[in-house]
Amino acid sequence: MKRILVIGCPGAGKSTFARALRDRTGLPLWYLDQIWHRPDRTTISRAEFDARLTGLLRGDAWIIDGNYLRTLPRRLERCDAVLFLDYPRRLCLFRALRRILRWRGRTRPDMAEGCPERLDPAFIRWIWDFHRTQRPRVLELLDGWKGEAHIFRSPAQCAAFLAQQKNQNTPGME
């Protein structure tokens, strides 16, 4: 695995998982949210986003964190592994609310600078609707995909997967 996508419902813990994977593998990590959002919470144009994404996808090794369903087919063409955090929506909602409380008024490490965490009812609705509106398309795309796909149904499965990854940043670990 050299080109990895980390996807899943908002609140599942994609960014935390992706950081842990980066720390274990030494692969560079890119957050799509940091590319899409400007510091004032506006977004760049789709054309600019697509151009930046194209640049990332040209790399030989990376972890890309983010759903952005519109661009998932393009990313699947280039990656060799997908790690899908497919957790129950109640868990994702709980984790998102906990994250909002933890980071309220501050910018998370996986967001663009100047985009502090805040309670957003539309975001909460997106989490609740993800299993109905986006999950079916993700599973459809993965069903016909030829790469290495891991679908994690629980945090324990993610932890077990991480434990199996070589830690390239710790001397002496094989």
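Reader: Which residues of helix 8 are buried?

Author: Keep in mind that this is a predicted model. In helix 8, spanning residues 155-164, the buried ones are Cys 158, Phe 161 and Leu 162. Looking down the helix axis, you find the buried residues within an arc of 100°, so they line one face of the helix.

Reader: How is a pair of aromatic rings described?

Author: You give the distance of the centres and the angle of the planes. This structure holds seven aromatic pairs. Take Trp 36 and Phe 49: their ring centres are 5.4 Å apart and their planes stand at 90°, so the pair is edge-to-face. Since Trp 36 lies in helix 2 (residues 32-36) and Phe 49 in helix 3 (residues 46-57), the pair ties together parts 13 residues apart in sequence.

Reader: Are Trp 36 and Phe 49 buried or exposed?

Author: Both are buried. Trp 36 also pairs with Tyr 68: the centres are 6.3 Å apart and the planes at 75°, so this pair is edge-to-face too. Here helix 2, with Trp 36, is linked to the loop between strand 3 (62-65) and helix 4 (72-78), which holds Tyr 68, 32 residues apart.

Reader: Where does the charged end of Arg 89 sit?

Author: Over the ring of Trp 128, 3.8 Å from its centre.

Definitions and conventions: Residues numbered from 1 in each chain as written. Predicted model: local features only at pLDDT ≥ 70, side-chain atom pairs only at ≥ 80, totals over all residues. Heavy atoms only, no water. Buried < 20%, exposed > 50% of the residue type's maximum accessible area, 1.4 Å probe, protein only. Helix = DSSP H or I, 4+ residues; strand = E, 2+ residues; numbered from the N terminus. Arc of directions from axis to C-beta. Phe/Tyr/Trp six-rings, centres within 6.5 Å; stacked < 30°, edge-to-face > 60°. Lys NZ or Arg CZ within 6 Å of the ring centre and 35° of its normal.
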